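Please study the sequence and the model before reading each solution.

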Amino acid sequence: MRRLRRTFVIVAVLCFVCLPKAPVLAVETLDWAQCLAEAAGHHPDLRSAAESVRQSEEQRNSVKGGMLPSVSASAGGERSGSSAAAPVGAWSYGVNASQLLYDGAKTSSEVKSATETLKASKYNESKVSVATRYALRTAFVQLLTAQKQVALAEEIATKRKQELRLVALLYKSGTENIGSLSKAQADLGEAEFEVAQARRALDLAQMVLSTQLGRRSFTPIRVTGQFTASEQTRTPPDFDSIARNNPAYLELTAQKSAAGYSLQAARSAFMPSVYLSTGFGNSAFRQLPPDRTDWQAGIDVSVPIYAGGSGKAGVAKARAVVNQLSADEESLYLSLKRSLAQAWKTFIDASGNVDVQKKYLDAASERARIADAQYSAGLISFNDWTIIEDNLVTAKKSYLNAQSNLLTAEAAWVQAKGGTLESR
């Protein structure tokens with residue numbers, strides 16, 4: 001009976017071992033340059049902006065066609081008859097062409113307006129690239145930080161286990177009280193919770209970066225990078241020059257220029273239009289080849305006299321648009337200078353804070369090293385020792401947060417400057 005039972009247990013174990021295991025997804029490792037390249041080629045916002053540029057290009061080509069000759073051809077025929085007469089047919093053909101000679105610079109102004117609108121679309125594409133880079137960089141930094149937080153949380157949990165083991169030994173020997181043991185147990189419980197919390201934050205950061213890369217399906221991602229800023233902080237930047245070269249400001253400037261040309265086109269509505277026209281054909285022939293070819297050439301002049309005030313209203317509206325965009329341009333310039341100053345200050349503060357937190361971490365590490373030896377030898381109390389250990393944990397977290405804040409502040413500074421995906 002025992003042999004049968006043992007055989008059953010072995011078979012059960014073998015069946016459990018042979019069960020198919022869930023596939024383990026391989027973790028993909030990316031650096032910042034790879035993230036930039038992938039987002040540039042796959043992010044939907046960038047594709048949408050590129051299509052907007054193409055629309056503006058075709059709109060300009062459409063308006064530009066008004067300055068080129070217009071040629072049309074026509075042909076037709078009919079056949080009729082009755083019971084008393086044989087059926088007869090009649091055919092016609094014609095080719096006509098016209099060329100704009102003068103319209104008060106209306107068409108040329110519309111072409112210039114469309115050209116400036118195209119420029120604005122390209123600047124908008126750069127503006128979208130700026131926003132995409134900032135979101136991508138923020139997601140990259142969050143994942144880089146989350147990876148460090150998991151490692152730090154596991155390190156702290158390991159240290160708390162060692163502390164609890166030491167306090168438990170001292171409690172059993174009668175040199176520590178139940179309060180100290182409870183505090184060590186609570187510290188370990190908090191550390192284990194923070195490990196689980198950090199892992200959940202890691203999963204979230206991976207998902208966020210995956211979406212910012214333009215990926216539809218999720219796969220585990222790991223990023224590599226250093227917590228060091230590449231932007232220089234020694235020399236104060238020229239906020240005025242940076243603001244005037246920001247894609248958002250350049251887009252609004254192009255829109256204002258387009259509105260100015262639209263105003264010129266609206267004023268040209270009161271000017272005469274002159275066209276050169278010509279054509280040839282035959283309006284009615286019954287056999288091939290046609291018995292004759294008619295032709296004509298002439299100049300057509302159209303002079304607007306009265307249109308119910310629509311021309312005057314169009315000019316007033318176009319002028320109001322120019323005035324509005326001029327005010328918006330000035331407002332945006334001032335807003336950009338404020339944003340640049342704020343982003344620069346935050347970046348400088350974050351850079352300095354990293355150095356400060358590093359000094360605190362070095363000091364806390366040294367104090368904890370000494371306190372460990374003193375507590376083991378019974379030279380300091382549990383309260384003093386645990387305060388020093390808690391300070392070390394806080395210092396490690398603060399230093400990591402300072403490093404993460406530095407990269408985030410740098411990303412915000414690059415965004416304020418108008419840095420695109422191409423600016424790395």
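**Exercise 1.** Is aspartate 390 buried, exposed or partly exposed?

*Solution.* This is a predicted model, in which local features need pLDDT of at least 70, side-chain atom pairs count only at pLDDT 80 or more, and totals for chains, interfaces and linings use all residues. Residues are numbered from 1 along each chain as its sequence is written, and side-chain values use heavy atoms, with hydrogens and water left out.

Step 1. Buried means under 20% relative accessible area, exposed over 50%, and partly exposed in between (1.4 Å probe, protein chains only).

Step 2. Aspartate 390 has a relative accessible area of 23%, so this residue is partly exposed.

**Exercise 2.** Identify the salt-bridge partner of aspartate 390 and locate both residues.

*Solution.* Step 1. A salt bridge is a side-chain nitrogen of Lys or Arg within 4 Å of a carboxyl oxygen of Asp or Glu.

Step 1. The partner is lysine 183, with 3.4 Å between the closest N and O atoms.

Step 2. Aspartate 390 belongs to helix α9 (residues 382–417) and lysine 183 to helix α5 (residues 178–212), so the pair ties together parts 207 residues apart in sequence. Helices are DSSP runs (H or I, at least four residues), numbered from the N terminus.

Step 3. Salt bridges that share partners join both residues into one network, which also includes Lys159 and Asp372.

**Exercise 3.** Where do arginine 54 and glutamate 51 lie?

*Solution.* Step 1. These residues form a salt bridge, their closest N and O atoms being 2.6 Å apart.

Step 1. Both lie in helix α3 (residues 44–64), 3 residues apart, about one turn of the helix.

Terms used:
Helix = DSSP H or I, 4+ residues; strand = E, 2+ residues; numbered from the N terminus.
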